[in-house]
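Student: I have a chain on screen and would like to learn how to read it. Can we go feature by feature?
Tutor: Gladly. Bring the structure up and ask away.

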Amino acid sequence: MKKIKEIFYFIIVFVFFSACTLKADVTAFRSQSVKNTPVPTPTTVPTMTPTPTPTPAPVTATILAAGDVIMHEPVVKSGKNNTVEYNYNYIFDRIKPFVEEADLSIIDFEGACMETDTNYTGYPLFNAPPAIITAFAYAGFDMVNTANNHCLDRGLNGLFETRDIIKRNNLQVIGTFEDASEPRYTIRDLNGIKVGFLSYTYGCNMNENRLTEEERNIHLSLIDRDKIKNEIESLSSLVDVVVVLMHWGVEYRVEPTAEQTELADMIFSAGADIILGSHPHVIERSEIRETDGKIKYIIYSMGNFLSNQIDDNNPETKLSELTQENVMVKIKLEKDLMSGQTRIVSVKHIPAWVHRYSENNVYKYSIIPIPSLENEIFNQVDEKLAEKLKSSYIRTMEKMQDFR
């Protein structure tokens, strides 16, 4: 029994000392591990500076508008090369650079233009060779306005064929329509600026009465205040700028009528930005208006861009130097891509003159631009014509309101 106690005592002592030794070894190991582990050096993380988003530059576009082209019989004959061929390109040579420079150029054509009816006539029922439309394309025009009092001079067939010839020359038609499905407006994207166009005429020399009410509503664009208001409001939500072309007013009157000014007020109130007027055969004034901080523009009449209404020194006629002069309007638009707002930033008026001269006993015509009194054109014409151009420029610019 004594021997068993001794053995037991020995085991207890052995376990005690073994535990102490193990603890010391573990402690030493831990100390050595901590002592030999390198302390990591903190790494500096560079601060990334975000690249600023560049502010997009505004986009701009220019629109040029010209007045009425009226193919009186002498004008028709002026382009005849032989018994069947016509060419009117030469008439537009001088104004071609101004037209081509714009992003969109518009011209007003009065009358019919047909291939199937070669009985080409002037006043009062106009029908011209298709070569005049080819000349528009040559000059650089993009859009032809056909809403005027002579669009039915050859009936609906003439209206349809005229439209077809215009489109075959890669020009857009505005103001008359093929069918009910065709939109009453035209929208053009000019360098990212959406511009909507509408066009109206006071009538069609009573030829509209030969149509049914349904045909008038489908194919024509007659002035009706409620209709105009509704169409402008509908178009405004689709575009940045609304342009309205108006064939209105009283012939040979140099000032707009009260009806024109009242109608213009309504058109602007409905949401239009630009009004381009035609029909009176003479120039009527332009105006810059400011509505709710926004610049708007109107010209009541741009005059005869091409016609044979030449001053004949006959006091019994209404023809004078006023019916030989016209004005091209160049409007610059700018759109802020950040705000989405578009505004008129400049309006420039370029007076022009319909010059008639004789060549081999045939009248010929040239539309002469007069951009300034210092222009080189005054050195290229004779003294008599230079004086007429100077007087016309001064007379025209007294009615115009440029904007920059």
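This is a predicted model: local features need pLDDT of at least 70, side-chain atom pairs count only at pLDDT 80 or more; totals for chains, interfaces and linings use all residues.

Student: With which strand does β9 pair, and in which sense?
Tutor: β9 pairs with β10 in the parallel sense, over 5 bridges.

Student: What kind of unit do β9, α8 and β10 make?
Tutor: Follow the path from strand over helix to strand. These three elements make a right-handed β-α-β unit.

Student: How many residues of β10 are buried?
Tutor: The count is 5 of its 5 residues, so β10 is mostly covered by the under 20% cut-off for relative accessible area. Then look at each face. Ile-274, Leu-276 and Ser-278 sit on one side, with Ile-275 and Gly-277 on the other. Both faces are covered.

Student: Next, charges. Why would two side chains pair?
Tutor: Side chains of opposite charge can pair when their charged atoms come close. The count here comes to 19 salt bridges.

Student: Which parts does the pair of Asp-240 and Lys-335 tie together?
Tutor: First the contact: the side chains of Asp-240 and Lys-335 meet in a salt bridge, 3.3 Å from N to O. Asp-240 is in the loop between α7 (225–236) and β9 (241–247), while Lys-335 is in strand β14 (residues 325–335), so the pair ties together parts 95 residues apart in sequence.

Student: Are Asp-240 and Lys-335 buried or exposed?
Tutor: Both are buried.

Student: What about Asp-273 and Lys-294: where does each one lie?
Tutor: Their side chains form a salt bridge of 3.1 Å, N to O. Asp-273 lies in the loop between α8 (258–270) and β10 (274–278), and Lys-294 lies in strand β12 (residues 294–302), so the pair links parts that are 21 residues apart in sequence. Asp-273 is buried, at 5%. Lys-294 is partly exposed, at 31%.

Student: Which residues do salt bridges that share partners join into one network?
Tutor: Glu-255, Asp-265, Arg-285, Glu-287 and Arg-289.

Student: Now a single residue. Which residues does Thr-396 touch, beyond its sequence neighbors?
Tutor: Thr-396 lies in helix α9 (residues 383–397). It is buried, with a relative accessible area of 1%. Leaving out residues up to four places away in sequence, Thr-396 touches Ile-283, Glu-325, Val-327 and Pro-351. The C-alpha atoms of Thr-396 and Asn-326 are 8.0 Å apart, and these two residues are 70 residues apart along the chain.

Student: On to the backbone. Which residues does a cis peptide bond join?
Tutor: Read omega. The cis bond joins Tyr-123 and Pro-124, with omega about 10°. Pro-124 is in the loop between β3 (112–113) and β4 (127–128).

Student: What is the phi of Met-206, and where is that residue found?
Tutor: Phi of Met-206 is near 70°, a positive value in a residue other than glycine. Met-206 is in the loop between β8 (193–201) and α6 (213–219). It is exposed, at 57% relative accessibility. Asn-361 also has a positive phi, near 65°. Its place is the loop between β15 (342–359) and β16 (362–369). Asn-361 is exposed, with a relative accessible area of 81%.

Student: Last one: which residue follows α4, and what is its phi?
Tutor: Gly-140 follows α4, and its phi is positive, near 110°. The buried residues of helix α4 (residues 131–139) include Ile-132, Ile-133 and Phe-136.

Methods: Residues are numbered from 1 along each chain as its sequence is written. Side-chain values use heavy atoms; hydrogens and water are left out. A salt bridge is a side-chain nitrogen of Lys or Arg within 4 Å of a carboxyl oxygen of Asp or Glu. Helices (H or I, at least four residues) and strands (E, at least two) are DSSP runs, numbered from the N terminus. Buried means under 20% relative accessible area, exposed over 50%, partly exposed in between (1.4 Å probe, protein chains only). Contact means heavy atoms within 4.5 Å. Two strands pair if DSSP finds at least two bridges between them. A crossover is right-handed if, with the strands pointing away from the viewer, the path from the first strand over the helix to the second runs clockwise.
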